[in-house]
Amino acid sequence: MKTKQVLAASLALLLTGAIAACGGSDDGGGNAEKPTNCTNTISKPDAPVVTLWAWYPNTQLVVDNFNKAHDDVQVCWTNAGAGGDEYDKFQTAISAGKGAPDVVMLEADRIATFQVQKALVDLTDKGYQDVKANFSDGAWKDLSVGSGVYGAPIDGGPMGMIYRKDIFDKYKITPPTTWAEYESAAQKVKDAGGPLFGDFPANQPAYVTALLYQNGAQPFTYDPANKGEIGIKLNDDASKKVLEYWAGLVKKGLVGKQDQFTPEYISGVIGGKYATYLSAAWAPGYLQGAGVGKGADAKVWATAPLPQWDPANPVSVNWGGSAFSVTTQAKNPALAAKVAFGVYADDASLKDGWENQIIFPLNLKVLKDPAFIDAKVAFFDGQQANKEVYVPAANAYKGMTYTPIGQYFYTAFTKQIAAINDGSKTGSAAADALQEDVVKYAKEQGLTVK
């Protein structure tokens with residue numbers, strides 16, 4: 001996550017017109033010369049080369065599949081680090097005007113931050129129309145800034161409720177379908193001396209933002225066509241209702257307040273400290289990699305749809321997901337776009353991704369494939385989790401609007417969730433403080449808040 005100072009500097013430069021579209025680099029990133037530092041082997045050295053930064057565990061296989069199938073272009077892949085490590089290097093390259101790859105892997109919520117720096121190419125006239133029908137409208141909205149499309153979808157994180165079958169059976173709990181039922185079940189388990197029902201982590205503001213969206217909140221509106229304008233609505237009734245709900249669960253001791261993706265949290269998951277884990281379709285892969293689902297806690301996991309505020313009008317939400325974006329340092333943006341749209345689109349690569357629980361592909365070829373839909377997921381003891389939970393959630397997802405100050409928002413939101421968890425603020429007070437903080441920051445960057 002970017003520091004306030006780095007983000008402020010980069011955004012301020014843009015708003016004063018100091019950042020221009022970057023030219024190609026001379027170190028392999030812009031493909032001025034044939035790169036020689038590829039992690040993979042170029043199988044057709046006479047073809048033009050597009051450089052790629054990506055971190056998925058099966059990227060080597062994906063790149064090899066693409067290169068074998070193409071005579072007109074080859075991919076030179078480098079793992080520049082996962083998530084923040086890569087973003088720091090990309091930010092450095094943007095500031096220097098050189099050193100970026102032709103194609104870069106980005107999480108959806110980072111795209112607006114780099115787009116506002118003129119670091120990404122709009123793909124609407126570079127093959128987007130040819131592949132548009134391969135993905136849902138929600139998948140495309142996540143990668144759009146205004147009317148522009150700045151990424152090719154790879155995977156997503158349709159959300160559900162992972163739960164412990166052994167705990168639910170012990171306390172005679174059925175998967176709650178509403179948030180009211182979720183609280184009632186949590187109280188029942190606590191009254192019987194059972195574990196915490198879930199967790200409200202301050203260090204995962206993106207997850208909490210998804211919960212806001214589920215209740216109809218629209219935290220941001222942003223379109224670069226409306227130069228310098230941004231809509232910020234973080235303390236509306238919908239947002240306050242969600243935060244008050246979770247503040248109540250915390251205050252009653254029904255859920256924990258442990259940071260997630262930490263050894264302490266994983267230890268608690270393995271040890272049965274939590275009855276549920278509200279997360280995304282990629283969670284089984286993450287949990288397995290962290291040692292969950294082995295030994296004493298094997299075969300106890302199941303998943304169900306995310307509880308709803310209004311079951312008559314269910315809302316699907318997403319946490320996470322990545323894309324391949326073309327950078328403005330690419331010497332041949334059209335060829336780079338061909339790679340971005342095609343490098344994780346062949347059947348073999350997509351199948352390897354989902355069969356090995358690495359990703360949840362958003363390509364409709366997968367989402368409509370009976371083999372994927374009907375797959376019995378080993379982590380969930382053979383449950384058809386895609387059919388019952390994740391495919392319907394992905395198909396119903398409408399997308400989110402991200403903004404160039406998203407990373408500051410996450411930092412500010414983390415502080416307010418922590419205040420809820422330590423009891424120093426109510427959910428409503430935290431929402432009001434968040435609104436004031438983020439609006440002030442946006443104005444400091446020269447933005448007009450609508």
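You're looking at a predicted model, where local features need pLDDT of at least 70, side-chain atom pairs count only at pLDDT 80 or more, and totals for chains, interfaces and linings use all residues. Residues are numbered from 1 along each chain as its sequence is written, and side-chain values use heavy atoms, with hydrogens and water left out.

**Stop one: α8 and α10**

Select residues 179-191 for helix α8 and 237-251 for helix α10. (Helices are DSSP runs of H or I with at least four residues, strands are E runs of at least two, and both are numbered from the N terminus.) Their axes come within 11 Å and cross at roughly 5°, so α8 and α10 are roughly parallel to each other. Axes here are lines fitted to C-alpha atoms, for helices over the stretch in contact, with angles from 0 to 180 degrees between N-to-C directions.

Now show side chains. Trp 179, Tyr 182 and Glu 183 of α8 meet Tyr 245, Trp 246 and Leu 249 of α10; contact means heavy atoms within 4.5 Å. That makes five nonpolar residues, no polar ones and one charged. (Ala, Val, Leu, Ile, Met, Phe, Trp, Tyr, Cys and Pro are nonpolar; Asp, Glu, Lys and Arg are charged; the others, Gly among them, are polar.)

**Stop two: α10 and α18**

Look for Leu 243, Ala 247 and Val 250 on α10, touching Phe 413, Ile 420 and Asn 421 on α18. Five of these contact residues are nonpolar, one is polar and none is charged.

**Stop three: α18 and α19**

Next, pick α19, residues 427-444. How do α18 and α19 run, parallel or antiparallel? Their axes come within 9 Å and cross at roughly 155°, which means α18 is roughly antiparallel to α19. The contact includes Phe 409 and Phe 413 of α18, plus Leu 434 and Tyr 441 of α19. By class, there are 10 nonpolar, two polar and one charged residues.

Terms used. Parallel < 35°, antiparallel > 145°, perpendicular 65-115°, else oblique.
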